[in-house]
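Below is a short report on packing and local geometry in one protein model. The sequence and coordinates come first.

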Amino acid sequence: MIEIPEAYTISKQMKKELTGKKIIEVIAAQNPHKFAWYYEDPQDYPGKLLNRTVDGIESFNGVIELSLGDYRLVFNEGTKVKYCKDKKELPKKHQLLLRFDDQSFLAAFVQMYGGIFCFKAGEFTNPYYLVQKEKPNPLGSAFDFDYFQSLINTLDSGKISIKAFLATEQRIPGLGNGVLQDILWWAKIHPKRKLNSLSDGEIKTLFDAIKQTLKEMARLGGRDTEKDLYGNKGGYQTVMSKNNKAKKCPSCQGDIIKKAYMGGSIYYCENCQPE
């Protein structure tokens with residue numbers, strides 16, 4: 001899934017590879033996918049994108065947005081993107097394929113679910129997209145401790161779990177179940193702990209873990225559980241993920257536990273993160 005560090009990494013790579021290139025071919029929805037979401041009819045995408053030049057690329061929390069004159073092309077969450085200079089390197093199936101004037105390609109494809117949205121600037125009012133753009137990114141200075149504390153203070157009840165607080169309701173867009181695991185391991189907090197059980201010191205520790213972990217993930221090109229624009233795994237070696245479920249905690253050599261929780265899996269150290 002595209003989360004904050006992957007959106008940052010891929011948008012940076014796109015700036016290098018795509019800026020100034022003109023789109024000369026567009027193939028949309030060639031391989032139908034039940035959970036690939038578009039804005040309006042994807043068959044209209046060629047008419048919207050053909051002969052347009054990429055003049056800007058940004059990431060907003062967990063989304064990547066390309067500017068093409070007065071149009072925008074947005075990729076979010078489970079949409080994977082791959083840049084290829086050779087047609088032979090393209091994925092076998094894709095939900096959007098762009099060919100540029102230098103004969104390179106950008107393929108977007110969905111595995112579980114994801115959005116590919118093409119629209120005229122200002123006309124897309126999807127709440128999920130808007131909140132991604134409006135809320136502070138933890139990689140930036142606007143996401144400071146006062147702001148983080150305000151997210152806690154606005155809750156009617158602090159009885160929700162730490163995972164529910166951090167990774168649901170778009171409180172922190174782009175911070176999902178993937179990056180959550182290492183953040184909580186560094187903070188030494190169990191995902192099921194109730195928010196109102198945290199001391200003031202633990203809240204500050206959690207804030208620091210969010211900032212520092214995401215910054216390191218972004219610096220190293222994303223997580224090793226995800227791939228970048230070129231199809232390479234990220235350089236950040238996850239501690240609590242599917243890659244390490246049979247290993248020991250590097251801090252205490254305790255068992256790494258995997259459990260189902262809130263519709264997904266959580267990973268934690270039974271010693272470092274007591275429930």
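The model is predicted: local features need pLDDT of at least 70, side-chain atom pairs count only at pLDDT 80 or more, and totals for chains, interfaces and linings use all residues. Residues are numbered from 1 along each chain as its sequence is written, and side-chain values use heavy atoms, with hydrogens and water left out.

A nonpolar core is a set of buried Ala, Val, Leu, Ile, Met, Phe, Trp, Tyr and Cys residues joined through side-chain atoms within 4.5 Å; buried means under 20% relative accessible area (1.4 Å probe, protein chains only). The two cores are listed here.

| Core | Residues | Members include |
|---|---|---|
| Largest | 40 residues | Met 14, Tyr 45, Leu 66, Leu 73, Phe 75, Leu 96 |
| Second, separate | 27 residues | Leu 206, Ile 210, Leu 214, Met 217 |

Contacts of Leu 73 (heavy atoms within 4.5 Å) include Leu 49, Ile 64, Leu 96, Ile 116 and Phe 117, not counting residues up to four places away in sequence.

Helix α1, a DSSP run (H or I, at least four residues), spans residues 4–18 and reaches 20 Å from its first C-alpha to its last. Of its 15 residues, 11 are buried, including Ile 4, Ile 10, Met 14 and Leu 18. Just after α1, Gly 20 has a positive phi of about 90 degrees.

Gln 181 lies in helix α6 (residues 177–187) and is buried, with a relative accessible area of 3%. Its side chain reaches the backbone oxygen of Ser 265 at 3.4 Å. Gln 181 also touches Met 240, Ile 266 and Tyr 267.

Key: Buried < 20%, exposed > 50% of the residue type's maximum accessible area, 1.4 Å probe, protein only. Helix = DSSP H or I, 4+ residues; strand = E, 2+ residues; numbered from the N terminus. Expected span 1.5 Å × (residues − 1). Polar contact = N/O pair within 3.5 Å; in protein donor to acceptor, adjacent residues only side chain to side chain.
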